[in-house]
Amino acid sequence: MNIELYKNLENSFGVTSLEVKNRNQSYIRVKKEMAVPLITHLKLVESYKHLSFFTIIDQIEKGEFELLYMLHSYSRNHDLGIIVSIERHETDMESIHHLWPAAETYQRELREMFGVEFPDSPGLYENFCLEGWEGIPPMRREFDTKRYSEDTFYKRPGRETNDPAKYMKEKIYPSEAETW
Amino acid sequence: MLSAILTKTFYTFISLMVILNYALLLIGSMARIRAKVQGRVGQPVWQPYIDIIKNYGKRTAVTHGVMFYLGPVFRLAGGLGTYLFMPVVYGFVMFENFSFSGDLLLVMYFIFFGQLGMALGAGESGHPYSPLGVSRGLAQMTAFELPFALAVISIVAQYGTLSITEIVAAQQGGWQNWVAFTNPFAMIAGMLAFLGMSMQNPFSVVIAPQEIPIGPPTEMHSAFLGMLQTNRAIFNGAKMVLFMNLFWGGATHKYLLVAILIMVVKTFLIYLYVNIVGASFPRFKTEQSIRFFLGVPTIIGIIAVILQSI
Amino acid sequence: MVNPVFLIAITLGFAFIFPLFEKINPKLSRLAGILVFLTLVVIPLIWFINISNMDIPYIYSSTVGLPSNLTINLAVSYMEALVLLVVNGVGLFVYLQEAYSKESPWKGKQIILLSIVMLGANGLIITRDIFNIFVFMEISTISLFGLLSCSSDDRVFEGGFKYMLASGLSSVFYLIGIGFFYLVAGTLNLDALPDGINFTGGVLGVLWPLFLLSGVLIELKPAFANGWGMDTYEAADYSLGAIMSGIQATALIIVLTKIIPLIESNIIMPLLLVVGSITFIISHLQALGQSSFKKMLGYSSSAQIGLVLIVLGSGTNILLAIVLLLTHSVAKSGLFYTGKYFNECGSGRDKPLLVVLSSLFVIALLGLPPFPGFGAKWTLLQILGGKSDVFTIFIILLGSLLEGVYLFRWLGLKIKSDRDSGLVVSEVVPDDDAIPGYSSSDTIGVASQTGLAGLGGCIKVHFSSDSFSYHQLFPALMAVIMVVSGVVFNKGVGLTFRFLIPFSGILFFVVLDLFRVPTKFQVFLAIVASIILGFYVYPELNGFNTLFGFIFLFGIGVQFIAFFNRKGYSPGLMALTVGLLVSLISILTSKTNFQLFFSWEMMTLTSYFLVLRGDNAFAGGYRYILFSLASAFFILAGFSMLHGIFIGEYMSLPQNLLPVILIIIGIIIKFAGIGVHIWLPVSYAEAENDVSSIFSTVLSKVGVYMLFLGGLYFSKRVFKGVDTMYLLGWIGVLTSVAGSMMALFQEDIKYTLAYSSMGQVGYMILGFSIMSHLGWISSLYLVTTHMMFIGMLFLSVSGVIYRTGTRLMYQTGGLIKRMPLSFISALFAIIALSGVPPLSGFGAKWLMYSALLEKGWYLQAAMAMFASGVAFLYLFRLIHSIFLGQEKAIYLNVKEAPAPLLIPQYIFMICVMAISMFPNLLIKPLQTVIEPYFASTVRWEGYEVISALGYWNGNAVMYVTMGVFIIPLIWLLIVNRHVYKVKQFNIVYAAERPFKPETTHYAYNFFGHYQKALGFLVEPLISKFWNGTGILVNNLSGGLRRWNSGNPQGYVFQILLYVIFLSFLMGGTN
Amino acid sequence: MEKDMERRLYADTGAPEGSPVVNPDPRTLGDSSNIQLFNEQLKLLNSGLTEEDRLNFCDTPPEVIKPFRGHWENFLNWARSESLWILGFGTGCGAIELRPLMTSRFDMYQYGIQPRPTPRQSSIFVIGGYASVKTMKRIVRSYEQMQGPKFVLGLGSCTINGGMYYDSYNTVNRLDHYIPVDVYIAGCMPRPEALLAGLMELKTIIKEGRGEGANKYAENFEWYKANQKRIIKDWNMPDYNW
Amino acid sequence: MMTNLLFILAGALVLVGLWGILTRRNIFKIIIGFSLVDTGVHVFLVAIGYVKNGTAPIFDKEYSSLHSLLNTVDPIPSALVLTAIVIGLAVTALMLSFAVRLILKNRTLLVDGKKELKW
């Protein structure tokens, strides 16, 4: 990433902790309230016109969600990830559907899977994948999917579960396993 | 009087049985032939029978209303009527059916009867694909009716009669007297129209499995579907008999069985032709199909008519 | 006997004494005024009666008692008495209107001036002295200026100034003319002209007629020197307009008739013809572009004068000119007044009396029945036709059509409802939010209301005191007098008493309306009346007439039942419908061309007003009347050149091609052949439902009837080497293809049905044009059966519209469960209509194809088959979109159509079933009808009909069909053990469930793919053509309008040009 | 040949050898909890629907329809088994295994099997792999729209016990708790041959008169419904989809 | 000769008047033009009845013979002119009054200064 750009962003938006993965990919962090202004700036001024994806990483250990906006600039041939940390218990985030209409689908998904709210995003409460889900959103890490499954679905007795790696070593490729 | 009616009923029954069984076997065998072409084993020849029995043997059915219930009945009545108003084998009372009560025009218009009923039944089912298929089918029908009508008119002009029996009679005396050879343009126009009439590829816009899976009979099932399948057999048979009578000299011999055999061979070949075309071409869009029929086949039909009228 | 000079004495005396009276007692003075004006009417009446009774040709008086050559003579003949009667009648009418008007009634000077205007006009009519004419001319114009100066509109000074300049100039010319005349004749007295003097020899012989004529003609406001007059019309009060056009112009024409005999006819006749033609056409064109009502009427007056000039110039009976003139005079002044009231109250939809009156005046002005102008025009055209004067006939009819264009436009705009956009909206499907109140909970209320609005959207009447003032009584009286005089006059031209009696039915129902008899009772009476009518005309009918009489009477009579569905009062409805029926029947019973054409025009008019009753019918009605007029005029032109009676005696008629072509063109327009069809869909669709049903079932057959009436007369006519019937056949088949194709792409049911009727009529025409036994049978068979099944279909659809309140097919759906009886009726109708065996429609198809193939019209047969396939498409679309598919939530509570709508359907259905079972029930009578024309080419064997080509046994087909239907049905009932009745959302929906019937119902743009493939065939090219024609005429009119620049000097220049033009005309003919 | 195929069929799967799994007996598996399905007149409540929608859906519960007796029923069963029309509804990844069956290599047509696009006309429903809750809703609707007698074939381990998605919050573990299953085919994924073998197995089942899934469903309607409703939260369908 | 002169005068007056009407835009000048035309016509009429060296058409004993009748001026044109003059006067007066109203309304002397009525 262009270091001048980073300096600029640092000055204007308080961007921190540049992390350059390679020539074409960098990550920066920004505060929650500066995130949307920064993204707007990047889109309108700095040619990051494409929203590659928008997702959330549940950092339950830090007690926060990391929102990852992945932008792409065609002219720079560069991916820029903007990481925004928000508190796990204050899950409101400004919507960016006005910048990319497609963002509304991402936000719908994130609302459903993580319970992060994006006020004013159209159709936010429509079903994305789950229909009529109740309880904690399933992608949150405190959600115990195994227990949920056992509680909800009828378990068929007699099922054995193996650790795939172990099973493969023991049963399928015993001879090659030693060389691993 | 009564005995006459009973005899007629009996003959009708025989005639229907013959065409039903023959047409079912024809469908089955043609499917098998296609399978062979594709390198498959293919379904048994009697598979259509099993399918029909199974469908009649279904335990439940739902109906969307009176017209839905009557739709397949209309359809089958249309097929039966079309068949029954034509002579099947020339020269035998047993197979002349009710051809005395109407001529070629009656047969041509009776085809609409079944289509209307089916369309109404499909319409009442409430499924959007049904009317969509119907609208495609009807649209295509008007298009292929034109070359077909021209071909028929050309034949009528040629022989000066609308009676199918007389048209067949006029073609006796050797293959060189068949319309196909005395009036080839009419034959070409008619046979092209027949492609559309039999709804095979490239004119399978009604069923159109990839777009509106199965079209009009989307909601038809159980005995309703069984009835439609029965009709498919009889109606197909009727159409092929019609084309055989119109273009290919009809079927006649001094022995009934031989005459039937001739009918079988001729209709088999007609059906084979349809299937060969069907297996060789992809499907048209509806508007392409309409344009096709109103193009070359219609021009050929017009040529046929003009040749006959000058 | 009253001396004519009294007329002058009375008016003059009144003018002098009135101020005194007014000082004493204003009320009394006004009464005295009535007395005076009444006297002015009574005196000519007495003369009129005396002259006609006592065979006194002339009432003659000389002012001083000296011999005629030394005094000023006054003379009254039959003609003058009549004109005086009317002119003074108009004067009385103006007086009553203005002296008793509510706001600013005329007082003192205005009444004096009116009296003097009357003096001038009377003087002009009765005087026999050329200079005296000048004096009276000046008297009347000066007093008119006086009246103008009292006008409420202060623009009048501008207009009046122009008028003064022009009339000053004209009087100058007139004076010069007098001078020259005096030089030639040595006297100015018309009764004392010396014998043996060549008036027209030498230079002077050209000069005096030129200047005298210039003087009079300019005062008559001829085109292209009439702008000044129009500007005055624009600014003057309505009464002044009435005076100018009703009184002055009439008097001046009388002056003209006095001058004409002095001039050699080979000079004056062509001149008048040219001047008249130019004025007639150009003024109409100029009127066309007017937005101002008064100016439009002004131009119209000018044009009417042109017509009178044509009549005078064509050398026909001068009485015709007088009749036309008087009709115009009364109608125009009446129209000025109704226009005034309309102007005061805006839309006239709730003012029935005004609507009726202005309609009557417009009709009278156009020379349509039952007014005297009709007979006059007819006679005129007959005379012209006798002289083979095609050009004049063409000019007169073209001008009349142009007049119809703007007069009916005005009328329609006044009558149209507030919701009417005045546009043809068939092509535009409204937005989704126009779906009637989907979200609202009491949707059924909305639906039924809109339904009521559709059906009951009649002219709402309330004879409350504020909408009705006694002022309207006078126009009403005028209208009544005109109707009566018209009937009398037309009776003189050629109507019989027996012929006229049925028309009294209209009056009867009008009276019922006046007494506010409920519609239901009126309908009952109408049914009784139609039965009586049947018995009344039955003895006169034979052959085709019986058949069509049956169709008209039975068709309309049965559909009268549908009118029972109306609630409350529908004023005028029954009068018009009965009028329509009577006119149709009279067409059948006509013995002469005149009777035939009279009935034809009555039919046109009654049906036009029926169309106008629709809520959005302005555009439709407008197109309807224009095309109907054009059709009627073509037929009229044809009749006038026929030199014989059209009805039944065609073999003896001269073998001219032109009238045949003209009549056929007229008929083609009437049955909406391709190219001239654009009026049909919109007018049928926008009329009220029960009315459009009658139109489609019965009225559409009248063109076919005319063809059969002409019958063999039309055949074997060769037009540029092609048999006309061959051309007609192609038109028929193309009409049916076009009608079907266009019906296919309509979203609006009524448009679909209207186009469908058009297509079906195309078949009938095709059948007729085959000119063979079988062809005619097929045509008549279709005429009869089509009446029944389109009636079923239309009424069924009417029921749907009535219940759902929408005409757009895709908005309904699934109504089979709610309206099963309507569905059954519609189903049978579409089976029959599309020609599917075993119902009777197939019979029609069979007969037609047999006939076509027999004739050797192979390509037509193929086209007809194609069209019938397309018909099948739109019929399926119709029944599917409305009755099948998904039902909308707002229509869940829709009830079955009301019984009055169902009963006629089922009556028709019984007939259709009977004919289907036993085709010989219908075909055999048809054969006897056709027997005199063609030898039978079909024979019967029991129920089997055998033609040269094929055979058909309707009875056997029916039984076989029942057999093959019932046996599978029984089989299905046996096999289906457990059948569950499910609801509309229980469909396979790709494993989802449907949420909205609207999006699940496949009905909108049903044949989209067809449109992609063949849509180019229904490009609205013909509409574009007619719209283009309309725009062209409008532009032409706009251009002509600009000629009258409003500049006084320009007008003076025009007048001078006009005089030069006249001199060229005179010189040219010399 | 057939034996050979069977061997191949079970070779790669971790599932135990043996015949396909038989259906559980519902009565042993708890009651229909607290879900009320019927009103007093034994009409369906259709509680998932709004008042307006209820007008548009049929509310007749399924019925147990007694088969004919004797040879006639045997004959019909033969016909049913020889004319298996598969519903063309690929519910999971296993749907891809259906395609090869139509090719010339496997050619299911020769066994009287062919695909149909609409549940109305189909007699066999192949559940191709994992059934997520969302899909389950559609499966139920489609299954109920098929006309009896109708058969269900569970394809792949996921339908048997959840397979590799056994602990997913979104995948049902035992298909037979929601609709009656006639034949299971174990494997992840089973090859087309296995599918074909399963179909043959189904044929024998039908011929023996054991393919009464539809009646079983009607009989235990409340139990099935309770299970379905337990996982399908936004039940906006009628209780029985005709 | 005299008669011809009168005719020429009349013609000239008419033409001058027309010229005035057509070319002057001042409303009063137009009216004057109109009066000129009128006068020209009057002169024309008088000229028609003119008899050279004729006497006034007064009936008395001297003029009772036919010969003397031939020498009188034709009385009819004179009568006509009298009437025409009166009428012309009335028209001119009305015209002037209209003109005044028009000028007061339009605030211009030009005849086409303000056109409200056209087409």
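In what order do the elements of chain B run from the N terminus on? In this predicted model, the order is α-α-β-α-α-α-α-α-α-α-α-α-α. Chain B accordingly has twelve helices and one strand.

The overall dimensions of chain B can be set against a simple expectation. For 310 residues, a compact globule would have a radius of gyration near 19 Å, and the value for chain B is 19 Å, in agreement. Along the principal axes, the C-alpha atoms of chain B fill a box of roughly 55 × 50 × 40 Å. Of the 310 residues in chain B, 66% are buried. When contacts in chain B between residues at least 6 apart in sequence are considered, 78% of them join residues at least 24 apart.

Chain A gives another picture. Six helices and five strands make up its list of elements, and along the sequence they follow the pattern α-β-β-α-β-β-β-α-α-α-α. The globule rule gives 16 Å for 180 residues, whereas the radius of gyration of chain A is 21 Å, well over that value, so chain A is more spread out than a compact globule. Its C-alpha atoms fill a box of roughly 60 × 45 × 30 Å along the principal axes. Buried residues account for 20% of the 180 residues in chain A. Of the contacts in chain A with a separation of 6 or more, 46% come from residues 24 or more positions apart.

Within chain A, strand S3 (residues 50-59) and strand S4 (residues 64-73) run antiparallel and are joined by nine bridges. At the end of S3(A), A:Gln59 stands opposite A:Glu64 in S4(A). The hairpin formed by S3(A) and S4(A) has four residues between the strands, and A:Gly63 takes a positive phi near 70 degrees there.

The discussion now turns to the contact between chain C and chain B. Chain C contributes 64 residues to this contact and chain B contributes 66 residues. On the side of chain C that touches chain B, the elements giving two or more residues include helix H33 (840-855), helix H34 (858-883), helix H37 (954-975) and strand S8 (978-981) of chain C. H34(C) provides the largest share of that side, twelve residues. Sorted by class, the side of chain C that touches chain B has 42 nonpolar, 17 polar and five charged residues.

Strand pairing also links these two chains. Strand S1 (residues 60-63) of chain B runs parallel to S8(C), and four bridges join them. One of the residues paired in this way is B:Thr63, whose bridge partner in S8(C) is C:Lys981.

Because 25 of its 26 residues are buried, H34(C) is largely enclosed by the rest of the structure. Just after this helix, C:Gly885 takes a positive phi of about 75 degrees.

Which residues have the most contacts inside the largest nonpolar core? They are B:Ile153, C:Leu793 and C:Ala862, in a core of 566 residues. With neighbours within four places in sequence left aside, C:Leu793 is in contact with C:Leu753, C:Ala826, C:Ala829, C:Ile830 and C:Leu833. Apart from this core lies another, of 53 residues, among them D:Leu87, D:Val126, D:Val140 and D:Tyr166.

Chain D also touches chain C, through 17 residues from chain D and twelve residues from chain C. Helix H5 (residues 133-145) of chain D supplies four residues, the largest share of the side of chain D that touches chain C. That side comprises eight nonpolar, five polar and four charged residues.

D:Gln121 is placed in the loop between strand S2 (113-116) and strand S3 (124-128) of chain D. Is D:Gln121 buried or exposed? D:Gln121 counts as buried, because 24 C-beta neighbours lie inside 10 Å. Between D:Gln121 and D:Trp85 there are 7.4 Å in space, C-alpha to C-alpha, although the two are 36 residues apart in sequence. Beyond its neighbours within four places in sequence, D:Gln121 is in contact with D:Trp85 and D:Arg116 as well as with B:His221 and B:Leu225 of chain B.

Notes. Residues numbered from 1 in each chain as written. Chains lettered and ligands numbered in written order. Predicted model: local features only at pLDDT ≥ 70, side-chain atom pairs only at ≥ 80, totals over all residues. Contact = placed C-beta atoms within 7 Å. Nonpolar A, V, L, I, M, F, W, Y, C, P; charged D, E, K, R; others polar. Pairing = 2+ DSSP bridges. Rg over C-alpha atoms; globule rule 2.2 N^0.38 Å. Buried ≥ 20, exposed ≤ 12 C-beta atoms within 10 Å, placed from the backbone. Core = buried A, V, L, I, M, F, W, Y, C linked by C-beta atoms within 7 Å.
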